[in-house]
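Have the model open as you read along.

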Amino acid sequence: MNKTTIGAWTWGLIFTVILQAVAQEKPHIISLTSKGKAKTLTSQNTLKLDALENDLHIEWQPCNCTYRYYAGGLDDDTVTLKYPNAHYTNLEGGEYHFWVQAQQNGRWSKPTQITLEIEESITEEGWFWPAIAVYVLLLAGAAIYFFLLYNFRQKLKLQSLRNRIAADLHDEVGATLSSIAISTRLVEKKYGKQAPEMLSILQQIKTDSEETIQTIRDTVWTLNPSNDSVEQLFEKMRSLAFQLLTPQDISLTFNNQLSAAETNRLQLSMEQRQNLYLIFKEALNNILKHAEASKVSVAFKMNGQELLMTIADNGKGFDATQRYEGNGLKNYKKRAAESFMEVKLDSKTGEGTQLDVTIISI
């Protein structure tokens with residue numbers, strides 16, 4: 001072996017050793033950027049990022065080799081690639097350990113390791129979501145409180161308005177009509193005999209005035225907030241029925257089948273109470289005018305969540321198919337439609353009449 005051969009062999013061996021050494025050299029990190037800004041490692045080989053810097057690019061010295069890297073808590077498994085960079089987005093606060101290796105000639109280099117310390121955002125703090133929940137509860141509580149306060153004040157205003165309207169009707173309109181009725185009676189008494197032709201007119205004025213006075217009294221009673229209970233409504237109906245039927249020698253059965261709990265639970269609006277009372281009053285007046293009855297029964301009961309009022313008499317009845325709209329049913333239906341009620345009138349000649357009123361919205 002000559003010197004030239006020995007020299008070439010020696011240089012080849014040296015070059016191979018150098019290549020192997022290079023292949024085993026750790027990848028050198030040359031760039032760390034977050035949100036487009038360059039970052040540097042501390043002396044402890046640690047990269048610190050603020051909470052909002054949740055985007056990270058890591059780049060290392062390229063070579064003609066294969067790379068693999070891994071960051072505990074960020075990667076599910078090691079990542080193998082040909083390009084000398086790694087990219088992480090939406091980083092959460094915490095501490096992560098990143099390492100990268102290069103492979104050449106079938107051998108992996110020693111890993112280059114750095115520590116990533118990312119500051120936790122305010123939403124990642126343990127107290128944040130409990131504080132949000134408490135804040136939301138406070139807001140909801142404040143909203144409910146102000147809603148109830150507003151609702152309470154509106155009810156007070158409504159009650160005040162109802163009291164004022166009732167007082168005005170009673171004091172002004174009622175007094176005026178009473179004065180007309182009294183004056184009519186005086187004129188009738190003094191001049192009735194002298195002017196017989198005026199007698200029927202005066203009697204009509206007196207009758208109209210007295211009926212209007214009674215209607216106003218009923219309206220005032222309904223408007224008065226102290227009469228809002230269902231129990232008071234039933235009692236007024238009972239009193240009216242006895243007042244109208246007893247002088248005509250008509251027997252009355254008034255049967256309230258509601259329990260105390262059902263009565264307390266039953267909620268009727270002012271409009272429903274008024275229309276139910278007026279339907280009841282008109283039904284009694286129709287019995288007095290047309291039925292020729294000797295017995296009348298009134299019953300109240302609950303049918304599920306509905307209140308059912310039944311008024312029946314043993315009068316002469318009528319052919320409902322012929323006179324269905326001519327016996328007050330139009331008025332019944334009109335009042336019922338205003339207050340979410342249903343009415344049913346059943347009558348047969350010689351068998352009496354029955355009126356059923358169902359309040360379908362309780």
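## What counts as a core

A nonpolar core here is a set of buried Ala, Val, Leu, Ile, Met, Phe, Trp, Tyr and Cys residues joined through side-chain atoms within 4.5 Å. Please keep in mind that the model is predicted. In soluble globular proteins, nonpolar side chains tend to be buried together.

## The chain overall

The chain is built from eight helices and 15 strands. It has 362 residues, and 34% of them count as buried.

Among contacts with a separation of 6 or more, 64% come from residues 24 or more positions apart.

## The largest core

The largest nonpolar core holds 40 residues, and the members touching the most others are Met237, Leu276, Phe280 and Leu307. At least two core residues come from each of helices H4 (230–245), H6 (270–291) and H8 (329–338), and likewise from each of strands S11 (251–256), S12 (295–303), S13 (306–313), S14 (341–348) and S15 (352–359).

A separate, second core has 22 residues, including Leu47, Ala71, Tyr88 and Ala102.

Which residues does leucine 276 contact, leaving aside its neighbours within four places in sequence? They are Leu233, Met237, Leu268, Leu307, Met309, Met341, Val357 and Ile359.

Helix H6 has 22 residues and spans 30 Å from first C-alpha to last, close to the expected 32 Å. Just after H6 comes glutamate 292, with a positive phi of about 55°.

Notes:
Residues are numbered from 1 along each chain as its sequence is written. This is a predicted model: local features need pLDDT of at least 70, side-chain atom pairs count only at pLDDT 80 or more; totals for chains, interfaces and linings use all residues. Side-chain values use heavy atoms; hydrogens and water are left out. Buried means under 20% relative accessible area, exposed over 50%, partly exposed in between (1.4 Å probe, protein chains only). Helices (H or I, at least four residues) and strands (E, at least two) are DSSP runs, numbered from the N terminus. Contact means heavy atoms within 4.5 Å. The expected span of a helix is 1.5 Å times one less than its number of residues.
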